Amino acid sequence: MFVLVLTPAAMAQQPTPSPSPTPAADKTPDVEPPLPPDAHVEQTIQVDGKPLKYTATVGAMPVYNADGKKIGEVVTTAYTVDAPGRAVTFALNGGPGAASVYLNLGAIGPKHLKFGNAGDSASDPATLSDNPNTWLDFTDLVFIDPIGTGFSRSLTTSDQTKKEFYSTENDIHYLSRVIYDWLLKNKRLESRKYIAGESYGGYRVPRMTHYLQSQLGVAMNGVVAVSPFLNPTIEDNGDLSPLPWIIYLPSMAAANLERQHKLSAEAMAPIIAYARGDYAADLLRGRSDPEAINRLVNKVTELTGLDKAFVRRAGGRIEIEAFLRESHREQGTIGSVYDSNVTAFDPFPFAPAQRSNDPLLESIIAPTTTAMVDFVTRTVGWNVNARYNALSYDVGGQWDVDSAALRTGAVPDLREAVAADPKLRVLIVHGWNDLSCPFMGSVLTVDQMPVMGDATRVAVREYPGGHMFYSRPDSGAALRKDVQEMFAKH
């Protein structure tokens, strides 16, 4: 599945966590039984018509503080094939507060769960099937659940938990150490190594790659950033900067094209050119060119399919929340920020602003939780008695979203990691319809990077769909093909 990202639009969708009954500084973790030892199960999947035998392993990796005290346990789910020379890929989602179940069961793991598309229901059977788009035939897979997600847990006080695990910088450090420790434990330090992250996980993986490379002495061969949150400040100052509107508009136009069954790379090319060309120029002209607003209104109306009077009132600058409501107002529904063509009935249609949670989020927590808990406890036999957090709003609510480290973004680390290793490859992938992490932000970001050797080493690809574009079979297959080609180049 996908991952949640704390863009302003996404943050608006998240419920406020209930206050703790005691002050955070005084709250200590509940005494829980220790997590069980690693559990394994042998399974077989059909990939391209051929059987592939693999081992699924669930277990916990300890996390220690600077004094050597155990302060947390990170649960991993690994799928490995007993064959020489195998690569290994580490995968995690984002949020912050999302478990890795979304990439695992939605995108690249050997088992697949149907969720995240238009018409999917929270009460649909959580039935797993073989995933034809898995990456397991060309790489082992290790899914990491950060502290506070999945079954991973802190073993220290609330204050220390927030400091050690819910802070931007420490998050990068301890998760990188988990990768180092897993490689050491499983004697895989000499394997080819890759890392994949979605949404806020897409912010994590360039930074983790650089930290592993320069501090822990472990070099990644490749990075796959799925719907990444690379530039947290790219949406700032929309009253003056044209950037927010430039990155939103193409995704809004893509959703409109999809509703007309006209979406394609060919159809998107002139829209992207307009957004970074005439649209940007007219936004910057402002009132110095009286005709600029008319040009904006006419073209934005054409591209988005919105009511012209509404577009004129907005000055050709369409806010995400307004687009999600206005696009579907006649049907009494509201679109998801993660895929604006995934809708639900608006329970508060006459409110001045959206009052309900995101439609896509509301439909995915139940099936992903049910499927993953059943797989871990019944199929693998890792007998844990604890709550599973597919998505923790508590973690997201406590995150240091105003930290300087977060606002700096992941691009400086991305540039440095690519510069330091002339063989490192980076694939940045997006769904056309995603408004939480719009593809145009990554296109502009990469275009501003220097070409360091082979220009294809850092590439951006787009597919039909939204934040979790891989939930669509054809887009998942296209992602698999592009990733497999990247692996073959190293």
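Mentor: The second largest pocket holds about 300 Å³ of space, and Val63, Tyr64, His173, Tyr174 and Arg177 are the closest to its centre among the 14 residues that line it. On a 1 Å grid over the protein atoms alone, a pocket is an open set of points with protein on both sides within 12 Å along at least five of seven lines, a cavity is a set where a 1.4 Å probe fits but cannot get out, and lining residues have an atom within 4 Å of a point. Volume here means the space filled by probe spheres set on the points, which are joined across faces, edges and corners. This is a predicted model, in which local features need pLDDT of at least 70 and side-chain atom pairs count only at pLDDT 80 or more, while totals for chains, interfaces and linings use all residues. Residues are numbered from 1 along each chain as its sequence is written, and side-chain values use heavy atoms, leaving out hydrogens and water.

Two or more lining residues of the second largest pocket come from each of β2 (50-64), α3 (158-165), α4 (168-185) and α5, with α4 giving the most, six residues. These elements are DSSP runs numbered from the N terminus, helices being H or I of at least four residues and strands E of at least two. By class, the pocket lining has nine nonpolar, two polar and three charged residues, where Ala, Val, Leu, Ile, Met, Phe, Trp, Tyr, Cys and Pro count as nonpolar, Asp, Glu, Lys and Arg as charged, and the others, Gly among them, as polar.

Helix α5 (residues 200-216) also packs on helix α14 (residues 411-420), their axes coming within 8 Å and crossing at roughly 45°. Axes are lines fitted to C-alpha atoms, for helices over the stretch in contact, with angles from 0 to 180 degrees between N-to-C directions. The two helices, α5 and α14, are therefore oblique to each other, given that angles under 35 degrees count as roughly parallel, over 145 as roughly antiparallel, 65 to 115 as roughly perpendicular and the rest as oblique. In their contact (heavy atoms within 4.5 Å), Pro206, Arg207, Thr209, His210 and Gln213 of α5 meet Asp413, Leu414, Glu416, Ala417 and Ala420 of α14, a set made up of four nonpolar, three polar and three charged residues.

Elsewhere, helix α7 (residues 265-285) and α15 pack at an angle of about 65° with their axes 12 Å apart, which makes α7 roughly perpendicular to α15. From α7, Met268, Ile272 and Arg276 meet Phe439, Met440, Val443, Leu444 and Asp447 of α15, and the residues of this contact are six nonpolar, no polar and two charged.
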